[in-house]
Amino acid sequence: MKTLQASIFGAAALAIAFTAQAQDYRGQAISMMKRDFHAQGIARMDRLDEDALQQICNLSHNNPPKGIAETLQHDQLATVQYPADGKFLGDWKAGEKIAQDGRGMTWSDKAGQANGGSCYNCHQIGSDTTSFGDIGNSLLHFGKTRGYSADVQKYVYGKIYNAKAYSLCSKMPRFGHSGTLTEQQIKDLVALLLDPNSPVNK
Amino acid sequence: MSSIKLRAVVALSGLALVCAAQAAQKEASAPRKAAAHAKKDTAAKDPVAADFEKFHEIMEEASPAELFEAKGEEMWKTKRGPKNVSLEKCDLGLGPGVVKGAYVKMPRYFADAGQMMDAERRIVYCMVTLQGFKEADLAKKPFSKGSYLPDPVALVTYVAGQSRGMKIAVPQKLAQERDAYNIGREIFNYRAGPWDFSCASCHGEDGKRIRTQNLPNLSTNEGANRAFQGWPGYRMTGGLMHSLQWRMNDCFRQQRFPAPGYASETIADLLTYLGVNANGNLYKGPGIKR
């Protein structure tokens with residue numbers, strides 16, 4: 001409750017600080033989008049509503065005051081649902097497919113269809129493709145350089161589930177939190193990075 | 001035959017030659033497997049991307065966009081719609097009937113409509129007010145698909161072609177135009193949706209890529225210019241002519257947002273942000289896109 005209060009207070013203080021301009025362009029932009037957009041397929045209009053985290057990142061230009069960032073990261077970490085069986089490593093081969101797959105959550109995607117992780121859009125991961133983006137860091141040799149311990153496995157699971165738990169305004173989507181990837185899919189991705197037999201670590 | 005049509009025919013025959021040459025070249029090129037073994041620390045060295053760049057250059061010379069300019073020009077000058085008039089009295093901001101140089105000075109504020117309008121939004125406005133078309137009908141299927149080419153896409157390609165070689169000069173004289181820029185910037189930076197994306201997630205930093213696709217930083221003059229160029233554009237993926245209305249729509253799709261209204265104020269303001277950021281560069285005319 002205390003952290004929630006702190007978050008709300010933080011958001012309010014930021015809102016006041018940033019909307020004290022002569023013109024509330026942000027407010028006008030939001031109203032305009034809500035008027036001009038329409039639901040299409042699975043993409044409903046409520047997607048235009050910011051959650052508390054998005055609002056803080058928007059208001060602070062992705063650079064929130066440290067105290068607020070730490071509190072909210074803590075809140076985000078509390079949303080991570082770790083596997084009940086305590087196992088983090090799935091099948092790296094399935095993980096590679098998920099990492100390659102860029103489908104999911106757009107209005108042209110069907111409800112109920114398995115989503116991909118779009119990982120290669122932003123990260124170098126395996127070594128056998130030149131088709132990878134660089135918005136995120138390279139994950140090549142991830143386990144080889146960081147070790148394969150249970151702690152690292154848990155960290156990677158949490159990072160994929162909710163990247164904002166570790167860096168509040170990270171560009172990376174919250175794949176578990178948003179319901180994009182299932183527990184098994186995240187385990188498979190953890191294996192892609194942390195199975196010693198995965199090509200990522202060769 | 002107008003000069004534009006003649007050029008278009010020349011371009012078409014050129015394109016056929018290019019395609020044949022390209023097919024031959026593709027067969028002769030090294031297989032993918034060998035390419036994959038090449039050094040690959042950056043995508044710039046990716047032979048597939050290099051191949052594409054080369055293809056892009058050849059295609060650019062052939063300029064398939066000119067075919068669509070010719071179609072649009074004919075459509076512009078033909079009496080059409082319930083009122084059976086041409087668009088030759090349409091005011092694109094430089095006075096009724098003035099097409100030359102209008103595209104590089106839009107979006108702008110139009111007092112008659114009381115709205116900010118980008119080129120396509122203005123064309124739709126003229127089709128409605130002058131020719132009697134229904135706005136809702138034009139918004140029903142606004143994007144090219146298969147052999148279907150929406151009228152406003154052909155028209156905006158013609159209008160854009162009439163600004164070829166001219167300096168991008170999107171106006172900021174009026175308060176409404178400055179407000180549109182500022183609202184556009186807010187929309188550009190607004191993160192929401194299931195993946196927490198804004199336009200800036202992909203287009204807010206220099207030198208980034210999605211897969212092998214280079215992403216222009218639209219908050220800079222150089223990046224905005226790169227995005228402004230080539231639209232309306234003949235897209236090699238699917239072989240369709242698309243305008244900036246389509247580009248904005250598909251970006252929002254990938255942003256995991258709901259759909260923006262076609263020719264809406266939101267898009268006009270976003271394009272104001274883009275256009276003003278691109279100001280001062282020479283517009284090369286309708287082009288070609290991946």
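The largest nonpolar core of this predicted model holds 65 residues, of which B:I123, B:V159, B:L270 and B:L274 touch the most other members. A nonpolar core is here a set of buried Ala, Val, Leu, Ile, Met, Phe, Trp, Tyr and Cys residues joined through C-beta atoms within 7 Å; a residue is buried if 20 or more other C-beta atoms, placed from the backbone, lie within 10 Å of its own. Helix α12(B) supplies the largest share of this core, eight residues. B:I123 touches B:P152, B:L155, B:V156 and B:V159, residues up to four places away in sequence being left out. A second, separate core has 25 residues, among them A:C119, A:Y120, A:Y157 and A:I186.

Residues are numbered from 1 along each chain as its sequence is written, and chains are lettered from A in the order in which they are written. Local features need pLDDT of at least 70 and side-chain atom pairs count only at pLDDT 80 or more, whereas totals for chains, interfaces and linings use all residues.

We turn now to the two chains together. In chain B, 32 residues are in contact with 40 residues of chain A, contact meaning that C-beta atoms placed from the backbone lie within 7 Å. On the chain B side, α8(B) gives the most, with four residues. That side divides into 13 nonpolar, eight polar and 11 charged residues; Asp, Glu, Lys and Arg count as charged, and Pro is among the nonpolar ones, Gly among the polar.

Strand β1 (residues 37-38) of chain A and β8(B) pair in the antiparallel sense over two bridges, where pairing requires at least two bridges found by DSSP. Helices (H or I, at least four residues) and strands (E, at least two) are DSSP runs numbered from the N terminus. Within β8(B), B:P260 stands opposite A:F37.

Key. Contact = placed C-beta atoms within 7 Å. Buried ≥ 20, exposed ≤ 12 C-beta atoms within 10 Å, placed from the backbone.
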